[in-house]
Amino acid sequence: MFQFSKEFNGRRRARQDPIDSKKKDPLFMASLVAKPFDSVRLTWTARIARLPTVVGKRPWSTEVVNTVCTTVFAVMCLLAVWIFLAPGRSQIESTVVVSSLVDSQPSGVTANLQRPSSVTVEVESPEDGVLDVTEAADPDVMEPAQSFTGFVNGPHAMEAEAAEVKVSAPVFPLCRTEGPDFIPCLDNEAAIKALKSTSHYEHRERHCPGRDGVLRCLLPLPEGYKAHVNWPESRDQIWFSNVPHSQLASYKADQNWIKPEGDRFIFPGGGTQFKYGVTKYITWLQETFPYLTFGKRIRTMLDMGCGVASFGAYLDAFHTRVLSVAPKDEHEAQVQFALERGVPALVGVMGTQRQPLPANVLDAVHCARCRVPWHAEGGKLLLEVNRLLRPGGYFIWSATPVCKECAAKGRDDEGIWEAMNNLTNRMCWKRVGKKVSHGFGIGVAVWQKPTTNDCYAARPAGALPPMCPLQDNPDAAWYIPMQACLHRVPSGKEERGGRWPVEGEERLTAVPGWLERGKAGGNVAGGVAGGEEGREEGGKVGGGEGGGEEGMGVYGRPAGKEYRDDVGHWERVVRHYVEGLGIQWAGIRNVLDMDAHYGGFGAALERVKPVWTMNAVPTTSPDTLPVVFDRGLLGVYHDWCEAFNTYPRTYDLVHSDHHIGKALTEKRCEAADIAVEIDRILRPLGYFIAREHALHIPFLQALARGLGWAQTVLVKEGKEAFVVFQKTVWRPENQTQQQQ
């Protein structure tokens, strides 16, 4: 039976329809009072004077009308004063820092920057119980000031708030031994040196330090760092100083991956398999294999061994979300280039452990000369692709073994091709297409995962690869070793993965059929165990039994209805985020949601802004990541007590819905350590939005002061609140200079 764990840590909220906030907005009322009184008097005098004519009487005289108007106006004023002064009324205190980020083609962030001015306004609290930010200020007030390249605030940026906060700000020193591109769980040299073998890329996998080795300092910025180029210009060019690595440009000079040009890197849109341009390659794929309908049937993809992610960058125009994955290896910062461009990417490798993704969620997996030995060791790596693909999903293999004429010297490409055909036949995959393009000099083969278990049942006893044991949960993915076995296909229409999601843009908001009918199918029931518990107990990602009733969602209501309410809730919240927080959205491209739930925040934001969202589902939360992928969004499992698999300075906006408060109450790890990790992955001038219990806000403010962030918005309503911080270019080493 389908059930979500009830262990949702106080995140249950009412989802009533919002009231017409303007009727109770004091700014709206104030604007009425501010209008020229004569105009109001003349208008209403004429209207009121005609009232007696409705019953056939003569119009009232001017004196009578003036008396009536004066009396009504006096009563309205008294009522307004009573509303403002009545005890127990709910207010929102909102401090809006009016600032401008950068132009679409920014100049460099310099040390001679100014602190923006701020205004404080009070507005009436919304009453829908979800902290929707209503008209936060007069539209004129919300207009940004004159553009400048950035600002510096340092640890003393919030003196006014500090007077009210009893929590002292922690002191974070500048990291001295870790470089600007340090990734804690991938650059753990001590753990890597202690490995017994690296033959399966174990040295490229996660090796997080213990609690004593957690990063507790702030990484320096690269010399000459500039505010990033905005999307869509960033797809084709970035600042050299932000990712100052030129080795890849030299190594791939003949393949049009990347070219240095003055103070920038230029991305011509080429690749190893599409040196003549990725646009032509995508067009050729669709013409050759018409079932690859990007943006319609195919909405989520994995590009393994992505290079600088030009394939995913150009598929963005086709409304297809591609998660580009590559290791931190000798190709030098390829994923960092991708993220600086504004392309969805994650540092990862096909090694010995499963990818941090649930089973049966990807529409397609693409590999273009990705250097992965799919056929080796019983096909263990290709069987991981089989786990990830939804039934009917496609594996697109663009490689030299497909094309005899393209065979690489010194490689047995013909033998590899025969091994791949043999393996895929035993896996019950159907090869639906193979084509060699002599013009491009490439060969592409496409296989499709079965949609039923009939082929598995017809295999002879002892066939390889074997079927996985029933106790092997396919959704388990946090520190879980890969297995060379086949999981059964969820073929029933009421099972998760048993039916293909709706096509096109409708997929963002449509209720997944399996969720509506309340069936689990893919074991999306309980919490996601991870971290130390996951390593010791097998990392039961999605494998918990949960405590909810049949068909119940994470907030304790019927899952289908709860999902629809969640869609409406986040559409309202995001609308207010976009209109009322003063965030400079032109500079926002890469977004991370730390606790995504159903993916509602990312879905609503992607509908109104040209952004992409990495929806992280914590390993201690109910497993809702399959829902995220069914919506055509991207996401991963993650334990925020450990570092994220990304380079520093890669996200423009990080969103947390009660996750920091969860860390404060559960005490699995220090909230300060999570804050340092957010600072590591957040770009300078990027934003952190936290929705928390009001009691946790002082702790967040103290952490922000220690990190040198600027508070731009603080919203309080009863026991709930949310706060917006903006990361500055301040680093501990130049604190004295910037305070002067």
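Reader: Is the disulfide of Cys641 and Cys669 left-handed or right-handed, and why?
Author: The torsion about the S-S bond of Cys641 and Cys669 is about -75 degrees, so this disulfide is left-handed. The pair joins the loop between strand E15 (634-638) and strand E16 (651-657) to the loop between helix H19 (659-666) and helix H20 (671-681), so parts 28 residues apart in sequence are tied together. Helices (H or I, at least four residues) and strands (E, at least two) are DSSP runs, numbered from the N terminus.

Reader: Where do these values come from?
Author: This is a predicted model, where local features need pLDDT of at least 70 and side-chain atom pairs count only at pLDDT 80 or more, while totals for chains, interfaces and linings use all residues. Residues are numbered from 1 along each chain as its sequence is written, and side-chain values use heavy atoms, with hydrogens and water left out.

Reader: OK, how many disulfides does the count come to?
Author: Six, taking a disulfide as a pair of cysteine sulfur atoms within 2.5 Å. Among them is Cys175 with Cys217, whose sulfur atoms are 2.0 Å apart.

Reader: What's the torsion about the S-S bond there?
Author: For Cys175 and Cys217 the torsion is about 100 degrees, so that disulfide is right-handed.

Reader: New topic: is Cys175 buried or exposed?
Author: Cys175 is buried, at 4% relative accessibility. Buried means under 20% relative accessible area, exposed over 50%, and partly exposed in between (1.4 Å probe, protein chains only). Cys217 counts as buried at 11%.
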